[in-house]
Amino acid sequence: MITFEQLFELMKFETENKYCLEIAFSVSGSEKYGFCWMGKRPESSCKDLYWFGLTEDGKEYHSFEEFSSAPVFDGKTVFQIWNDVVLLEINGCDPTEMIETYLK
């Protein structure tokens, strides 16, 4: 488990207009959010786009602040549910190992 502050630091990862960051996660005790995705990707019209792989409309966000305050979890934000979030993978790898790599 990482803190929300560490997620914020992780999402600062510089995409250099070519890298993506994809985080697979689940929300403890939720069948609806048993396997979800969030991340960011480079976008030519702005620096990066942040996204959740769970919303039907596929909404993307232009800042971490906008992303983290979007009420996409049945009216709650990722910040509000963070204590129930379980990271499964970061870019297809073990989250503990990847956190250490990204936050160095």
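A residue is called buried here when its relative accessible area is under 20%.

**View 1. Burial and surface across the predicted model.** In this predicted model, 40% of the 104 residues of the protein count as buried. The accessible surface of the protein comes to about 6,100 Å², and carbon and sulfur atoms hold 48% of that area.

**View 2. The order of helices and strands.** The protein contains four helices and five strands, which follow one another along the sequence in the pattern α-β-β-β-β-α-α-β-α. Among the contacts in the protein with a separation of 6 or more, 46% come from residues 24 or more positions apart.

**View 3. Overall dimensions.** Taken along the principal axes, the box filled by the C-alpha atoms of the protein is roughly 35 × 30 × 20 Å. The radius of gyration of the protein is 13 Å, which agrees with the value near 13 Å for a compact globule with 104 residues.

**View 4. The aromatic rings.** A search of the whole structure finds 16 aromatic pairs. One of the pairs is that of Tyr61 and Phe67, whose ring centres lie 6.2 Å apart and whose planes stand at 70°, so this pair is edge-to-face. Both Tyr61 and Phe67 are buried. Ring pairs also link residues into a cluster, whose members are Phe4, Phe8, Phe25, Tyr33, Tyr50, Phe52, Tyr61, Phe64, Phe67, Phe73, Phe79 and Trp82.

How values were computed:
Residues are numbered from 1 along each chain as its sequence is written. This is a predicted model: local features need pLDDT of at least 70, side-chain atom pairs count only at pLDDT 80 or more; totals for chains, interfaces and linings use all residues. Side-chain values use heavy atoms; hydrogens and water are left out. Helices (H or I, at least four residues) and strands (E, at least two) are DSSP runs, numbered from the N terminus. The radius of gyration is taken over C-alpha atoms; the globule rule is 2.2 Å times the number of residues to the power 0.38. Buried means under 20% relative accessible area, exposed over 50%, partly exposed in between (1.4 Å probe, protein chains only). Contact means heavy atoms within 4.5 Å. Accessible areas come from the Shrake-Rupley method with a 1.4 Å probe; for residues, only the protein chains shown count as cover. Rings of Phe, Tyr and Trp (its six-membered ring) pair if their centres lie within 6.5 Å; planes under 30 degrees apart count as stacked, over 60 as edge-to-face and the rest as tilted.
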